[in-house]
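Q: I'd like to go through the labels on this model one by one and ask what stands behind each of them. Shall we take a look?

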Amino acid sequence: MKNSVQEQRAELVRLDKQQDELYHRCAVHLGISDTAFWVMYFLCDFEEVYTQNALAELWCLPKQTVNSAINNLVKEGYVYLEQMAAARNSKAICLTEKGTEFCQKYIVPVLNAELKAFSQMTEEERCLFLSLTEKQHLIFAEELNHLFETKGSDTP
């Protein structure tokens, strides 16, 4: 185990990047972009209605990146856009039959692997992991906000 705070921080960043790489490998294996993978992932895993803006906000990605991925998924026949009754400018992203089959064949096994990996931790470990991850994220966000507020005039 790393001893200094700096070594531990570096290890945390390294592990985070390794986790990102696992998902990137999934996308590459499926022949789709990382963003397209995440679109399919969320459409497959959650019973919610998503718009392009909602997905962009959820992942903190540029709207154009999400828009481009969705346009490619529409062209490939995996999703279609449906006008939402409540909001005239928003369209729900919906899986086509081909998209649903894709999710069942390729995305659900990834979800199951995640669940299997996570379930190998005890309930106490899972709760602690989530709690500490959230705490670290919130503190880091506060530090960045403070940095940007005090250094705002120095930015290029």
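Predicted model: local features only at pLDDT ≥ 70, side-chain atom pairs only at ≥ 80, totals over all residues.

Q: Which residues make the contact of α3 with α4?
A: From α3 come Q52, N53, L55, A56 and W59, and they meet K63, V66, N67 and I70 in α4. By class, the residues of this contact are five nonpolar, three polar and one charged.

Q: How do you know that α2 is roughly perpendicular to α3?
A: Helix α2 (residues 34-45) and α3 cross at roughly 110°, and their axes come within 12 Å. The class runs from 65 to 115 degrees, so α2 counts as roughly perpendicular to α3.

Q: Which residues of α2 and α3 meet?
A: On the α2 side they are T35, W38, V39 and F42, and on the α3 side L55, L58 and W59. The contact of α2 with α3 has six nonpolar residues, one polar and no charged ones.

Q: And why are α2 and α4 called roughly perpendicular?
A: Their packing angle is about 75°, with the axes 9 Å apart. With 65 to 115 degrees as the range for that class, α2 and α4 are therefore roughly perpendicular to each other. T35, A36, V39 and M40 of α2 make the contact with T65, V66, A69, I70 and L73 of α4. The residues of the contact of α2 with α4 divide into seven nonpolar, two polar and no charged.

Q: T35 keeps turning up. What makes T35 buried?
A: Buried means under 20% relative accessible area, and T35 has 12%, so T35 is buried. T35 belongs to helix α2. Leaving out residues up to four places away in sequence, T35 touches W59, L61, T65, V66 and A69.

Q: Zooming out, which elements does the protein chain have?
A: Six helices and three strands. Starting at the N terminus, the order is α-α-β-α-α-β-β-α-α.

Q: Why is the protein chain called more spread out than a compact globule?
A: For 156 residues the globule rule gives 15 Å, and the radius of gyration is 19 Å, which is well over that, so the chain is more spread out than a compact globule. The C-alpha trace spans about 50 × 45 × 30 Å along its principal axes.

Q: What share of the protein chain is buried?
A: Buried residues make up 22% of the 156 residues. As for contacts between residues at least 6 apart in sequence, 43% of them join residues at least 24 apart.

Definitions and conventions:
Residues numbered from 1 in each chain as written. Heavy atoms only, no water. Contact = heavy atoms within 4.5 Å. Helix = DSSP H or I, 4+ residues; strand = E, 2+ residues; numbered from the N terminus. Nonpolar A, V, L, I, M, F, W, Y, C, P; charged D, E, K, R; others polar. Rg over C-alpha atoms; globule rule 2.2 N^0.38 Å. Buried < 20%, exposed > 50% of the residue type's maximum accessible area, 1.4 Å probe, protein only. Axes fitted to C-alpha atoms, helices over the stretch in contact; angles between N-to-C directions. Parallel < 35°, antiparallel > 145°, perpendicular 65-115°, else oblique.
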